[in-house]
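Q: Please take a close look at the aromatic rings in this structure. How do they pair up, and what surrounds them?

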Amino acid sequence: MLLRRSISLESTIRSSDITPQHVFEQQSRRRFLAGAATLGAGALAAHAISGLVHPQTAVHADDQPKILSSKYTLPDAQTPINKAAGFNNFYEYGTDKSDPAHYAVKLHTRPWPIEITGMVKKPQTINIDDLLHYRPLESRVYRHRCVEAWSMVIPWDGYALSEFINFCEPLPSAKYIQFFSYVDKKIMDLPSGYDWPYKEGLRMDEAMNPLTLLTFGCYGQTLPNQNGAPVRVIVPWKYGFKSAKAIVRFHFSDKQPRTTWNDADGEEYGFFSNVNPNYDNARWSQARERRIDSSVLPHYIPTLMFNGYSDQVASMYTGMDLKKNY
């Protein structure tokens with residue numbers, strides 16, 4: 001989630017900013033629906049993603065369980081796991097990039113009830129493990145672009161958000177989906193001036209796009225707390241703050257939902273927030289980005305329209321002014 005402070009793109013990540021990721025022992029497994037046809041798929045996911053069912057106390061790059069392959073991949077070199085887990089935007093846990101890795105260890109991800117509310121046939125609450133086992137997980141290597149003009153390439157583990165939306169059975173009149181993140185003042189030093197919990201949202205066609213990923217892990221391991229455990233979304237053609245973390249509620253509506261950063265500064269953070277190298281943020285040029293990879297020196301590359309996913313998503317915005325609808 002986006003930080004409200006500027007960073008120097010000329011700086012490198014200090015070794016002190018890289019912290020090993022920590023996960024907690026899962027406390028239970030539950031089936032999604034008794035007698036549902038998806039039980040076999042859930043069992044396959046549990047077997048294929050053993051690190052997600054029996055998470056490690058620490059994640060090592062050379063200790064990755066096997067996962068299902070995916071057609072969604074990239075030729076780009078992946079960001080090293082220690083940098084992806086040690087350099088994060090997660091405002092609830094601090095404003096420095098290293099803060100989430102230090103302080104998110106306080107979060108316990110079991111039990112984790114998830115609400116389905118709003119314009120659906122049956123509002124209900126389900127368990128995170130039901131959600132995890134609903135479909136086999138696959139590894140998708142996505143570009144991840146931050147509005148602060150840095151980027152990573154990360155293998156995320158999950159399944160299409162559209163699969164879960166179909167289970168929720170939204171009413172035909174539902175045009176948007178809103179995500180609510182977990183909030184707990186006891187373990188989070190929440191900055192004042194914001195309407196917590198963190199909220200994000202997508203238009204329904206964006207949420208149903210095959211690229212939009214409901215995510216439970218990365219690098220073949222359980223999703224680290226600082227990366228949005230136990231469940232988040234990844235919307236790879238939008239700036240990173242659109243990809244809500246630690247989700248506890250999915251809400252369906254016929255009206256454009258409120259979102260945290262759009263509420264805080266609508267002139268700077270639009271509802272759509274598609275990656276656009278031709279439209280600069282008030283504080284950062286979007287024409288290029290610093291790719292966080294294994295390089296010691298800063299590595300800059302041109303920013304691609306829609307983060308390089310134009311073929312899959314551009315048609316959703318035909319006729320829209322992408323500077324007005326930023």
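A: Two rings of Phe, Tyr or Trp (its six-membered ring) count as a pair if their centres lie within 6.5 Å. A pair is called stacked if its planes are under 30 degrees apart, edge-to-face if over 60, and tilted for the rest. By that rule, this predicted model holds 23 aromatic pairs.

Start with Trp-112 and Tyr-182. Their ring centres are 5.0 Å apart and their planes meet at 40°, so the pair is tilted. Trp-112 lies in the loop between helix H4 (99–103) and strand E1 (113–118). Tyr-182 lies in the loop between strand E5 (176–181) and strand E6 (199–203). The pair therefore ties together parts that are 70 residues apart in sequence. Trp-112 counts as buried, at 2% relative accessibility. Tyr-182 counts as partly exposed, at 24%.

Another tilted pair is formed by Tyr-279 and Tyr-326, with 5.6 Å from centre to centre and 40° between the planes. Tyr-279 lies in the loop between helix H8 (260–264) and strand E11 (288–291). Tyr-326 lies in the segment after helix H9 (310–313). So this pair ties together parts that are 47 residues apart in sequence. Tyr-279 is partly exposed at 27% relative accessibility, while Tyr-326 is buried at 19%.

Now turn to a cluster. Ring pairs link Tyr-134, Tyr-159, Phe-164, Phe-167, Phe-179, Phe-216 and Phe-250. Arg-135 lies over the face of Tyr-134, at 4.4 Å from the ring centre. Phe-164 and Phe-167 are both buried in helix H6. Six of the eight residues of H6 (residues 161–168) are buried, so this helix is largely enclosed by the rest of the structure. Glu-169 follows H6 and has a positive phi, near 55°.

What does Phe-250 touch, leaving aside its neighbours within four places in sequence? Its contacts include Leu-161, Phe-164, Phe-179 and Leu-214. Phe-164 and Phe-250 also belong to the largest nonpolar core, which has 81 residues. Together with Leu-131, Leu-214 and Phe-252, they touch the most other members. Strand E4 gives the most to this core, with six residues.

E4 (residues 150–160) runs antiparallel to strand E3, and eight bridges join the two. E3 (residues 138–145) is mostly covered, with eight of its eight residues buried.

The charged end of Lys-242 sits over Phe-271, 4.2 Å from the ring centre.

Notes:
Residues numbered from 1 in each chain as written. Predicted model: local features only at pLDDT ≥ 70, side-chain atom pairs only at ≥ 80, totals over all residues. Heavy atoms only, no water. Buried < 20%, exposed > 50% of the residue type's maximum accessible area, 1.4 Å probe, protein only. Helix = DSSP H or I, 4+ residues; strand = E, 2+ residues; numbered from the N terminus. Pairing = 2+ DSSP bridges. Core = buried A, V, L, I, M, F, W, Y, C linked by side-chain atoms within 4.5 Å. Contact = heavy atoms within 4.5 Å. Lys NZ or Arg CZ within 6 Å of the ring centre and 35° of its normal.
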